[in-house]
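Q: Before we look at individual features, could you show me how to read burial, strand pairing, cores and side-chain contacts in a model of this kind?

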Amino acid sequence: MSGDAVTVAATAQMPDAAAADFIYSLFKPAHILVAISGGSDSTGLLVAISEQLRAFPDSNISLSAATVDHGLRSESADEASDVAALCASLGVPHIIRRWEGEKPKSGVMAAAREARYGLLADIAADISANVVVTAHTLDDQRETLAMRAERLSEGEGVAGTGIADAMLFDRRLWIVRPFLACRRADIRAYLTRRGMSWLDDPSNEDVRYERVRMRKRLAQDAVPLSVLDDGAARVALSKEAAAWLDRYVTVHASVLCVVSRDGLAVDEIVLSYALSYLAAAFGGEPYGPGRERMRRILDFIGEDKPGRRTAGGVVFDLRRDGLYLMRESRDIQPLVLAPGANGIWDGRFQIVNHDPATICIEAAGERGAVEFPERLPKGAVQRARAVLPRVAAGAGGSAVSATITPHLAPFDRFLTRFDLTFADRLATCFGREPYTRPPL
């Protein structure tokens, strides 16, 4: 698809064609796991892929399906059973997993999304599936773009793209969206022609959710919303920013970033993209500073006067020789790990406890002892040392056995295909291995 603005009608693809394109592009052999809730979109996705595979029985592709029962409604268990019956009628192996444990009182949709992807990844590992497919549609894309545009107009959020056609979850599994160019109306017509029904989730009508409110607003528009497919532009920006990293950026001990003076004179779009993700990585956050805070940082850099600013928990220290980034030394909470446990400390480091005793990870403070090059400014080095992880035995012991690995918060949990080139370069800067390649 081009990077030009096009109407919904011009971009729409029929479900069977979308499924065929996906299967054709998939590296073989493959084992597909379809995430199916029983709604029209996911039911259409499973049926379309199943039909295409039956037409090409020697494609060297296996197909399974999985339903995550979030347990948020009394009917959810029965609905999962109905989906299981559908899968049985199609000859597709099906697995049900329930989201156990206490549910949050706020942010339940975001928490459910995290739980759903985690459970799907676990299922995929159990059955050796190498790709999960979800049924995000062109309607979902329209809603997402409209919501993000509205937030930006109100001075919130960060500039970005719509839903990506492929996303790496937790560094271990690619999630692909074959129906992203399909309209929901076409998917339902496709199912109706085959005499197949679907479930309607009442939460899709609950106006307490932003997406539902936007969906209803878009449905009232007489003219279809134009959708800007800027995925190609985002990929190009990722590549430019990756080259910028190679040329101008050095990372020391995973806690101090140095951007050379020449690197601050590049195109502002590239600089904003790269600095935003660097701030997220050094601040331990999944997202960089919002648009307004990033604008203030860029203006500060543009003034070309030595000084310091903070954004997203990161200190931006501008000096004559360049820009230094490091985590602020405040609001860093300790992490306690039982024997054999692992966890993420301050959003910046993955810690695995190999010790037979409980350990505690905290900011090193004045006890940070990592050596830095002599040429670096002492003030920047002192602040960087203070935010290093320090591991100690919880019971007051001394020597402990633990593995410490940099954690790249903006990419290690959710990484879109758009940002893969930049993410790989950033991983190299932190001494990490490249991310897993997409299966397409």
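A: Let us begin with burial: a residue is called buried under 20% relative accessible area, exposed over 50%, and partly exposed in between, using a 1.4 Å probe and protein chains only. The model is predicted, so local features need pLDDT of at least 70 and side-chain atom pairs count only at pLDDT 80 or more, while totals for chains, interfaces and linings use all residues. Residues are numbered from 1 along each chain as its sequence is written, and side-chain values use heavy atoms, with hydrogens and water left out.

Q: Is Arg 171 buried or exposed?

A: Arg 171 counts as buried, because its relative accessibility is 16%. Strands (E, at least two residues) and helices (H or I, at least four) are DSSP runs numbered from the N terminus, and Arg 171 lies in the loop between strand S6 (166-169) and strand S7 (173-176).

Q: Which side chains make polar contacts with that of Arg 171?

A: A polar contact is a pair of N or O atoms within 3.5 Å; within protein, one must be able to donate a hydrogen and the other to accept it, and residues adjacent in sequence count only if both atoms are side-chain atoms. The side chain of Arg 171 has such a contact of 2.9 Å with that of Asp 412, and another of 3.5 Å with that of Tyr 435. Contact in general means heavy atoms within 4.5 Å; leaving aside neighbours within four places in sequence, the residues in contact with Arg 171 include Ala 427, Arg 432 and Glu 433.

Q: How should I read strand S12, and why is it largely enclosed?

A: Two strands pair if DSSP finds at least two bridges between them. S12 (residues 314-319) runs antiparallel to S11 (residues 307-311), to which five bridges join it, and Val 315 in S12 is the bridge partner of Thr 310. The hairpin of S11 and S12 has two residues between the strands, and Gly 312 takes a positive phi near 60° there. S12 also pairs in the antiparallel sense with S13 (residues 322-327), over six bridges, with Leu 325 in S13 as the bridge partner of Phe 316. Five of the six residues of S12 are buried, so the strand is largely enclosed by the rest of the structure.

Q: Which residues have the most contacts inside the largest nonpolar core?

A: A nonpolar core is a set of buried Ala, Val, Leu, Ile, Met, Phe, Trp, Tyr and Cys residues joined through side-chain atoms within 4.5 Å. The largest has 77 residues, and those with the most contacts inside it are Ile 32, Ile 49 and Trp 244. Helix H10 (residues 268-283) gives this core its largest share, ten residues.
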